[in-house]
Amino acid sequence: MEKYICIHGHFYQPPRENPWLDAVEAQDSAYPYHDWNKRVTAECYAPNSAARILGSDDRIEQIVNNYLKISFNFGPTILYWLEKNSPAVYRAILEADKDSRKRFSGHGSAIAQAYNHMIMPLANRRDKITQIVWGLKDFESRFQRPAEAMWLPETAVDLETLDIMAENGLRYTILSPYQASRIRTKGDGPWRDVQNGRIDPTMAYELRLPSGRKLDLFFYDGPVSFAVAFERLLANGERFAARLMNAFSGTRDWPQLVHIATDGETYGHHHRHGDMALAYALHHIESSKLARLTNYGEYLEKHPPTHEVEILSNTSWSCAHGVERWRSNCGCNVGAGPGWNQEWRAPLRQAMDWLRDELALRFEKKGLEFLADPWAARNDYVAVINDRSTQSLKRFLGRHSARALNEPDKTSILKLMELQRNAMLMFTSCGWFFNDVSGTEATQVMQYAERALQLGVDLFGDRLEAGYLRILERAKSNLPEHENGRRIFEKWVKPAAVNLSKVGAHYAFTSIFKAYPEREKVYCYRVDRDDPHHLQIGQAVMVAGKIKVTSDITLESANLAFAAAYLGDHNINGGVIPLPGEGPYRSAVAELSEAFSKADFSGVVRAMDTHFSGADYSLASLFKDDQNEIVRRLIRPHTDDAEAAYRRVYQDHIPLMRFLSHLGSPPPAALHLAGEYILGVDLRRALQNDLTDQAKIHDLLEEAKTWRAKLDAAGLGYAAGLTLEHMADEFQASPEDLRLLTELEAAAGMARQLPFEVDFWKPQNIYYGLMHSHYPIMRARASEGNKEAATWVDLFRSLGDKLRVKAE
């Protein structure tokens with residue numbers, strides 16, 4: 001009896017980009033990382049591209065790419081982010097698929113996903129088509145081959161969606177065993193009910209669609225998948241492998257496929273070191289020849305379906321009530337507070353549906369002014385999203401324009417396409433998945449709706465916001481302070497909206513603190529500067545000039561004049577206006593410059609109110625990352641003063657605190673606070689600057705114990721990890737530099753002694769690579785009597801001990 005094993009990972013993050021900036025801004029909840037995409041990448045996507053297999057001594061024996069041996073899908077929106085922000089991990093994913101084709105009879109292990117994780121049964125037919133087409137085109141552009149299959153978001157399924165998939169050439173998809181209704185032997189045998197998860201998951205099934213098309217289905221092993229996701233099966237790789245093997249049965253007489261499917265984030269993000277458990281289980285099964293590792297495409301080619309299946313439509317893997325989790329108060333939630341409900345889901349869905357339909361009517365009418373078929377153009381627009389070059393846009397317009405186009409026409413077309421892009425992003429499933437309408441995910445989908453509304457005003461002149469908010473107002477928050485969806489929209493979403501003037505204001509304010517070239521990229525905008533003015537008196541700074549702001553996405557541009565002044569503390573004044581005639585512009589700049597040069601700061605403010613009045617911009621108007629950076633800069637003198645005061649208190653009371661510690665007496669709160677702050681600051685600086693100063697770091701840690709200081713373990717560990725990573729990068733660039741090796745060896749030793757966790761992942765990868773590339777060379781030199789090489793070999797082996805990698 002042939003035994004096959006296939007593990008599928010659904011790797012996905014919701015689109016988190018600011019709709020106006022095309023970038024993910026800082027998310028405090030992801031600390032110590034910049035944002036959740038970075039955190040999940042560090043905890044899951046990267047580790048699975050270089051997963052550790054440990055020997056009996058708990059040292060790394062192999063580093064392997066898990067993606068090579070499993071079936072997987074990555075959501076297009078996270079691949080879009082990875083390509084820009086983590087290119088090494090992105091390349092590892094693509095390479096794994098390429099290499100898997102050699103391993104699995106020409107079948108790549110990657111499969112596509114419906115584009116932005118929309119719940120397909122709740123979508124209209126047009127959106128279903130575009131989600132599938134975008135998912136397929138995005139996949140092919142990245143993996144350089146057509147997709148054989150597609151993952152459905154939340155495995156939410158209906159027959160119309162499956163028929164569109166089959167129409168687009170897809171062969172199969174993967175569903176939960178609870179989504180099967182009945183089966184029979186292919187042909188005309190009797191049907192057998194398999195509801196409530198009773199389908200045999202060890203074979204493929206054929207689904208005959210009402211259109212006459214066919215699609216093959218796999219139903220994953222429910223109990224084993226559940227154990228992986230929720231029962232800590234990944235705590236031990238050998239136990240994981242054994243559980244997979246136990247799913248085979250001697251009573252079956254066909255080639256069995258034991259396969260599981262979970263969120264890919266299970267392997268490392270949800271379950272720490274789950275990537276290592278996965279790597280070990282795959283290695284153990286394969287090396288012990290317990291079963292053949294395969295993917296769905298290969299298994300399907302070797303063992304086509306012998307049975308037909310019918311499914312339960314409007315079902316999913318993460319809602320016991322079908323697809324109600326994304327449109328009603330069905331009871332499914334993520335640890336909601338006592339007395340909470342999710343009645344808000346229905347009006348949020350209704351508001352989005354209403355807005356989609358209102359925009360669709362206007363989109364089609366306006367689109368026909370420029371395009372042969374606006375909806376066909378929408379289906380093709382993903383090519384422009386992935387490649388914003390002039391050539392890509394030219395090809396797109398060449399395929400779809402109905403007539404000759406001027407530059408304003410091109411901008412209108414791009415705005416139409418972006419309107420539709422955001423009108424789909426606003427249906428991303430996470431907006432409904434969690435507990436409250438005030439949650440990050442719900443406000444994110446509202447931001448996409450606001451961007452669509454804004455583009456609608458630009459294109460059609462219609463203001464649909466009032467109608468949208470009337471429905472959204474019915475979405476009641478569980479938190480009284482947030483009231484309802486309308487208040488949340490007005491409080492958080494509307495102020496986040498960006499236009500070209502706001503980009504200009506951001507540029508103006510940041511140019512007080514940064515020296516910009518004539519052309520600067522500000523997120524997805526280009527800013528071309530002319531006639532710059534920069535004046536400074538002590539700490540005070542004034543800037544002014546002309547700028548042209550152009551969107552890289554819509555090509556819309558505006559010529560603006562700006563002025564901004566920093567007058568001390570957190571006082572920043574400024575304004576941005578449409579560029580006036582040369583005379584008024586010169587007069588305004590001259591008046592500002594004269595007042596500033598005399599240190600007449602009240603005159604500067606009056607001149608700005610006179611000449612640059614309009615939109616009210618302030619420090620609060622800055623985009624978050626730059627805002628954080630500038631705020632830190634502005635408050636640094638105050639934090640320096642506070643640090644000096646705390647340090648005096650700390651140093652003056654060291655003997656007393658040690659005496660109290662010896663007595664076992666609790667420290668006075670005021671003294672404890674000062675010591676805790678100073679020790680945390682000094683430790684962070686030591687870990688960031690010189691991990692080799694073991695004595696200093698050791699003394700600080702000992703003093704922290706004396707003061708009973710609660711240290712920021714996550715932040716300090718992260719800082720130490722970045723320092724170690726930087727040192728490893730330097731050593732990789734100059735691997736024969738004994739000084740760099742000596743310092744890295746000492747730093748790794750220090751990092752191992754720290755009382756908080758340090759990430760050794762990248763230094764270990766670098767070491768493992770050098771172990772195969774440079775270590776044999778140096779070992780050969782050492783064997784020939786080269787003393788420096790012998791010292792290098794000894795240090796390299798010692799470094800391996802500290803990194804826990806076998807130097808063999």
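Predicted model: local features only at pLDDT ≥ 70, side-chain atom pairs only at ≥ 80, totals over all residues.
Local features need pLDDT of at least 70 and side-chain atom pairs pLDDT 80 or more, while totals for chains, interfaces and linings use all residues. Residues are numbered from 1 along each chain as its sequence is written, and side-chain values use heavy atoms, leaving out hydrogens and water.

**View 1. Helix α8, residues 274–287.** Helices are DSSP runs of H or I with at least four residues, strands are runs of E with at least two, and both are numbered from the N terminus. The end C-alpha atoms of α8 sit 20 Å apart, which agrees with the 20 Å its 14 residues should span at 1.5 Å a residue (1.5 Å times one less than the number of residues).

**View 2. The buried side of α8.** The buried residues of α8 pack against several elements, including β1, α1 and α7.

**View 3. Helices α16 and α18.** Their axes (lines fitted to C-alpha atoms over the stretch in contact, angles from 0 to 180 degrees between N-to-C directions) lie 10 Å apart at about 75°. So α16 and α18 are roughly perpendicular (65 to 115 degrees). Contact residues (heavy atoms within 4.5 Å) include Met 446 of α16 and Trp 492 of α18.

**View 4. An open sheet of six strands.** The order is β7-β11-β10-β14-β8-β9, with mixed pairing (at least two DSSP bridges between two strands). β7 and β9 are the edge strands. β8 and β9 run antiparallel, joined by two bridges.

Note on methods. Buried < 20%, exposed > 50% of the residue type's maximum accessible area, 1.4 Å probe, protein only. Parallel < 35°, antiparallel > 145°, perpendicular 65-115°, else oblique.
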